[in-house]
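Hi,

Here is the structure I promised to pass on to you. Have a look at it first, then read my notes below.

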Amino acid sequence: MKYVIALLLFLTTTLGYSFSDQMNEPLFDKGFEWCVATSAHQIEGNNFHSDWWAFEQEGHIKNNETSGLATNHIELWQEDIALMKELGVTTYRFSVEWAKIEPKKGEFNEEAMMFYVNLVNELEKNNIKPFVTLHHFTLPNWLRLDGGWANKESIERFELFADFVYKHIGDKVNYWITTNEPMLYLLGGYAFAEVPPMKNTWADIGAPLVNLVKAHAAVYKLLHHNRNQEESRTPIHVGIANHFRIFKAHRAINPLDQVAAFYAQRALNNSFLDAINDGELVLYFPTMINLRVHIPEAKGTQDFVGVNYYKRDEVKFIKKAPFLEIGNFSNKEASDLNWEIYSKGLKKVVEKTLKKYDVPIFITENGIADKSDSKRPDFIASHLKVLSNIKRGKSRILGYCHWSLLDNFEWREGFDPRFGLVEIDYETFERKPRDSFYYYKSIIRKNK
Ligand code: GAL
């Protein structure tokens, strides 16, 4: 009996210690960037000159919605910065809207740029670092009409835009994303007919993909070059935000589902990153045609990998184009958009990414559509826990951006999905922080 009591005492104290040790241990090291993310088209409003604006008027959005005034951030930006200040974030990831800066080919709008100059100055006053995305899904409509990324002139056009932005705010921005989720964006346009140009053949994806890799590489060099001209030469970090997803064969013993899941994961998670890491662009199609292009100038053009991670999907092979069907077919616990909540996936993608590419990572997006805010706190806690438990290279995880500060215009899904830590009343544009806002705030404050 004595031994049993001693054993029980030993177990409870040991377990007790390890539990409280764990509770007391900070989640991340000093210098970790706590962040929230948004994108211009989704929050600002009145993006008249963009390709998405034109696309929305054609009735492609759920319930025939259009982005309209979005969250009216263009007028309420100071209120939004005040919210970030209250939240306690150290970094804010936002995008600069190319269609507003260059509404007509070659005509740059200084006034539109002043919005971002003021934004960056106000962030600076509030001790929040700006993290700038240059291309987040939208293009100026004139460029869409000229062929978009399929036209190789887009490379030079993107450089001119990036240079204009740098000249105005560049000296204050140390983190840059050239392009957001390039693979998801192009697959959506060329393989899954979800966004312009609405194709589902895979056949024409080559030219825009190659041009976007080259455009990234050119802008990577341009930003570094501009920084090197400055006296301070503060280190600048340039990368892309890559959409990572875990794919699983729907029918575990079906080899076609297995192959489809493997190729989908590879295409989305690695094709673009491999190209800007080693200069070799490889895309396996779920058909006999494959794409292989040597782009030497892209080699080594990333200083970090931006990780956007949301979910796991099941994959079924189907016989006609686009050859795959993707979804939460087994009804796993999910968000309002039926996206499976799978925090372990974050560990898998981060560990693999750290191993594969010799650069640090930044979680540039992670969040959940959850109108009732009942799942968001757990979602945040479980993903941060997983992230902080990554032993290998913990110090190489630079920060975490929650998607999103505000509810916003969720592309094809319109305004229905609610991703915000802050709720938007779309009648009055009133901002109401949800409980999860205060929850994230307390995690940031305590680093626990
Ligand atoms: C990402 C995208 C964001 C946002 C988010 C939530 O793919 O970069 O703009 O829409 O998904 O769905």
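Let's start in a loop: S404 sits between strand 11 and strand 12 (422-424). The peptide bond that joins W403 to S404 is cis, with omega at about 10°. Before you go further, keep in mind that this is a predicted model.

There is another cis peptide bond to look up, running from A321 to P322, and its omega is near 5°. You'll find P322 in the loop between strand 8 and strand 9 (324-327).

Are its cysteines buried or exposed? C35 has 0% relative accessibility, so it counts as buried, and C401 is buried too, also with a relative accessible area of 0%.

Strand 1 and strand 11 turn up again around helix 13, where the buried residues pack against both of them, and also against strand 8 (305-317), helix 12 (344-356), strand 10 (361-365) and helix 14 (435-446). Helix 13 covers residues 376-388, which is 13 residues, and spans 18 Å from its first C-alpha to its last, close to the expected 18 Å. Among its buried residues are F379, I380, H383 and L384.

In the loop between strand 10 and helix 13, check out D373. Its phi is positive, about 60°, although D373 is not a glycine. With 11% relative accessibility, D373 is under the 20% cut-off and therefore counts as buried.

N63 also has a positive phi without being a glycine, near 55°. N63 lies in the loop between helix 3 (51-57) and helix 4 (73-87). At 62% relative accessibility, N63 is over the 50% cut-off, so it counts as exposed.

One more helix to look at is helix 8 (residues 153-169): it has 17 residues and reaches 25 Å end to end, C-alpha to C-alpha, close to the 24 Å expected. Its buried residues include I155, F158, F161 and Y166. Among the elements covering the buried residues of helix 8 are helix 6 (110-125), strand 3 (129-135) and helix 10 (206-229).

Methods. Residues numbered from 1 in each chain as written. Predicted model: local features only at pLDDT ≥ 70, side-chain atom pairs only at ≥ 80, totals over all residues. Heavy atoms only, no water. Buried < 20%, exposed > 50% of the residue type's maximum accessible area, 1.4 Å probe, protein only. Helix = DSSP H or I, 4+ residues; strand = E, 2+ residues; numbered from the N terminus. Expected span 1.5 Å × (residues − 1). Contact = heavy atoms within 4.5 Å.
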